[in-house]
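Have a look at the model first, then read on.

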Amino acid sequence: MYFENLKKSIYDLIVETSTNLPKDVRRAIAKATASENAGTRSAMSLATITQNIGMADKEVSPICQDTGLPTFKIKTPVAVNQLEIKAAIYESMELATKNGKLRPNSVDSLTGENSGNNLGAGTPVIKFEQWEKDYIDIRLILKGGGCENKNIQYSLPCELEGLGRAGRDLDGIRKCILHSVYQAQGQGCSAGFIGVGIGGDRSAGYDLAKEQLFRSVDDTNAIPELAVLEDYIMENANKLGIGTMGFGGETTLLGCKIGVMNRIPASFFVSVAYNCWAFRRLAISIIPDTGEIKEWQYQEGDKIDFKAEASKENEAGTAEEVIILQAPISEEDIRQLKVGDVVQINGMMYTGRDAIHKYLSTNDAPIDLNGQIIYHCGPVMLKDEHGNWQVKAAGPTTSIREEPYQGDIMKKFGIRAVIGKGGMGARTLKALEEHGGVYLNAIGGAAQYYADCMKSVEGVDLMQFGIPEAMWHLKVEGFKAVVTMDSHGNSLHQDIELSSLEKLAMFKDRVF
């Protein structure tokens, strides 16, 4: 009975973490929504985000389609059997994946094969620590790949773009943290949260940085100098103008937590763990004798319940202002689009991530992609009782990973539009101009919002790459996105990066 209770407790933790955003995170998002200027693309993005949170609540479905690398941090009394806890985690992870609460995300680094159940060498991450309290403390964070890829580590002293030299002191640390927010731009699904680790070696520094993400958004650092620095970063990072999804705006950072440990004389690392707005971390206290949940953590304060229905902000633009796209799209229609346009897609689109882009670079496409739309997305998929595939979660993935392939593939197959998040680079921008294509930025993390737009699964190809990496044929209705790179050489991402760099340079002078 103990093991079954323990397994149920851990399963409940996994499901709640994946589907129910913590109270402190909701309050931070609500504050950002209230401060954003009405009618802007950032306001529309935040409205989509809050609607998505409400939809996840209502459906008990993943807030974001990207399970990331699940990380458990566990503290146990001395006599507790840690092997049993690990076994319960494995079984619970497998069940949650089977039930569509997690996307299968564990991939063999050598073969590329997806295990299909989120289990494999190193996944999930489980870290144990013993303590003298009389209960088991289990904390879980689901940190997606898009924000994980924007983690960064600095070795001081160093030279930083826009900020100059960062030395081995508090002011050098300040510069590193500001730079970490700048370099993330919108690729990590801003507005985000950061955990910072000062000191240690390279691995311990990152571990300390991620540990800060388990702190409450509302707490105050016990070290006075770091409390002041956290407040400084929160005030000034939001002056960079990067905004939600990198669209520009008032809120770029939702939280900053800093920890410190000793270092050796030769090394001085500042490690930053960037987390997206979909800040999925929860914790439970478990009774050691029974395996049952004693208490849920992060429950302080009021819970803001966001509506699952569209708000006025999310209906941005009149019917005349929203441009309808339906594939196949002509070059003439694409050439009429410009940066800032809001489009609504009806009809077909096809998913394609890392494995698909690599495959298409040397192989023929399984279908005719001329005039079609590619969606950078690895959805959560389940079969219904009739054996038909259903989309359970389907937000965009970070597009910059496809930069080496995207332009060539668009030209090779005649693709006219690419949907993703965070934008792409100069090579893709040049191809859009030469070929006649656009990049459409969807709202990162809005997995329920976009899954609701997907009315049917018309087919799937290349399933050998696993569910997230297969090419899904999706019929959509009312799928909204923003043109952020057009066929005339314009890129909102490039513009925001340049303007935020100018603002970053204002913080070059010593403060601490």
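The lining of the second largest pocket is made up of 8 nonpolar, 6 polar and 9 charged residues (Ala, Val, Leu, Ile, Met, Phe, Trp, Tyr, Cys and Pro count as nonpolar, Asp, Glu, Lys and Arg as charged, the others, Gly among them, as polar). This is a predicted model, where local features need pLDDT of at least 70 and side-chain atom pairs pLDDT 80 or more, while totals for chains, interfaces and linings use all residues. Residues are numbered from 1 along each chain as its sequence is written, and side-chain values use heavy atoms, leaving out hydrogens and water.

**Second largest pocket**
- Its volume is about 430 Å³.
- Lys31, Met234, Leu253, Leu254 and Gly255 lie nearest the centre, among 23 lining residues.
- The largest share of this lining, 6 residues, belongs to α2.
- Because domain 1 (1-144 + 281-309) and domain 2 (146-277) both contribute lining residues, the second largest pocket lies between them; the bounds come from an automatic or database domain assignment.

**Largest pocket**
- The largest pocket holds about 950 Å³ of space.
- By class, its lining has 12 nonpolar, 16 polar and 14 charged residues.
- α7 gives the largest share of this lining, 3 residues.

**Cysteines**
- There are 0 disulfides in the structure (pairs of cysteine sulfur atoms within 2.5 Å).
- Cys147 is in no disulfide, and the nearest cysteine sulfur, in Cys276, is 4.2 Å away.
- Cys147 is buried at 2% relative accessibility (buried means under 20% relative accessible area, with a 1.4 Å probe and protein chains only).

Methods:
Buried means under 20% relative accessible area, exposed over 50%, partly exposed in between (1.4 Å probe, protein chains only). On a 1 Å grid over the protein atoms alone, a cavity is a set of points where a 1.4 Å probe fits but cannot get out, and a pocket is an open set with protein on both sides within 12 Å along at least five of seven lines; lining residues have an atom within 4 Å of a point. Grid points are joined across faces, edges and corners, and a volume is the space filled by probe spheres set on the points. Helices (H or I, at least four residues) and strands (E, at least two) are DSSP runs, numbered from the N terminus.
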